[in-house]
Amino acid sequence: MTSLAHLTILYRGPLSSCNYGCTYCPFAKRHESAAELEGDRRALRRFVAWCTQREHGLSIFFTPWGEALVHAAYRDALATLSHLGHVRRVAIQTNLSFSLDWLPACNLSSLALWVTYHPTEVRSEAFLARCRTLVDRGVRFSIGAVGVKEHLPLIENLRNQLPPEVYLWVNAVKELGRYYDSADIARITAVDPLFGINVTNHRSRGRACRTGSSVIAVDGDGTVRRCHFVDEPLGNLYTGDFESHLSARPCPKSVCRCHTGYVHLEHLDLDTVFGDGALERIPANWAANAAK
Ligand code: SF4
Ligand code: SF4
């Protein structure tokens, strides 16, 4: 059993709808009823209350199956969590379509955003304007896009227009086999120097991974799993029985493809790359290096 000095939690409630309709999106194609949305809000409130009562340190990363910040309950949850002294970081994946007027309610020293750019859903000028507002307000964020080849000119344009201190990552399309040739990879690496990490399917079976010991994934019912990719439950957050199941254990999957997972693989040593920005995917010293 691991002693709980600090726990990183990836929270994904039942929410599975989005105000965007990206063709490459594997989820968020549902319309949710008022009752389903209320169920999601209830689960979120319970999770925030649990976090509020903890005494050990927490880092919390919301990884919704859809867009959460269009819902006031998520904006309120992030604001509340950001002000808790024992919360080191609270971050969320978002398409940045929400009202930015909510940001002053947050403690910006712990809040961070994992922003995704979807070229078919938002005009690049409008998206850039919102990014500049985040910069002006001192919000900590990264931006990313799916590396669809047809979108590369738009992604390159975004990189050229963004302030250099903002990190832009590119997620590799991995479902289509050998989608990229070496010229594609060189081109994307010019945008995202860390693309080589993401385009790799990391062999993980039997390798040490921090999930299941200092990192857990939690769903709306409070079921605790080690990560989003291993189904076996480790207990429940709200009964507390998960704590006795936290221990170092090797990965049971053959590969780990997603940043939210492989960043915890110990042999990759990505702590040295991302430092305390692993959740929101901001490389350590990125802004300082960009300013040189
Ligand atoms: S913004 Fe994200 S969740 Fe929404 S449709 Fe696009 S990829 Fe899916
Ligand atoms: S390496 Fe990936 S799939 Fe394996 S346990 Fe860690 S996060 Fe889960």
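1. Basis. This is a predicted model: local features need pLDDT of at least 70, side-chain atom pairs count only at pLDDT 80 or more, and totals for chains, interfaces and linings use all residues. Residues are numbered from 1 along each chain as written, ligands are numbered from 1 in written order, and side-chain values use heavy atoms, without hydrogens or water.

2. E67, charge. E67 sits in the loop between β2 (57-62) and α2 (72-82); helices (H or I, at least four residues) and strands (E, at least two) are DSSP runs numbered from the N terminus. E67 is buried but has no salt bridge. Buried means under 20% relative accessible area (1.4 Å probe, protein chains only); a salt bridge needs a Lys or Arg side-chain nitrogen within 4 Å of an Asp or Glu carboxyl oxygen. The nearest side chain of opposite charge, R75, is 7.9 Å away.

3. E67, partners. Its side chain makes a polar contact with the side chain of T94 at 2.8 Å (N or O atoms within 3.5 Å, one able to donate a hydrogen and the other to accept it). The backbone nitrogen of N95 lies 2.7 Å from a polar atom of the E67 side chain.

4. Helix α2. Its buried residues include Y74, R75 and L78. The buried residues of α2 pack against β1 (6-12), α1 (34-53), β2, β3 (87-94) and β4 (111-116).

5. Ligands. Of the nine residues around ligand 1, C18, Y20, C22, C25 and H118 come nearest. Around ligand 2 are residues including R226 and K253 (a heavy atom within 4 Å).

Technical notes: Buried means under 20% relative accessible area, exposed over 50%, partly exposed in between (1.4 Å probe, protein chains only). Lys and Arg count as positive and Asp and Glu as negative; His and the chain ends are not counted. Contact means heavy atoms within 4.5 Å.
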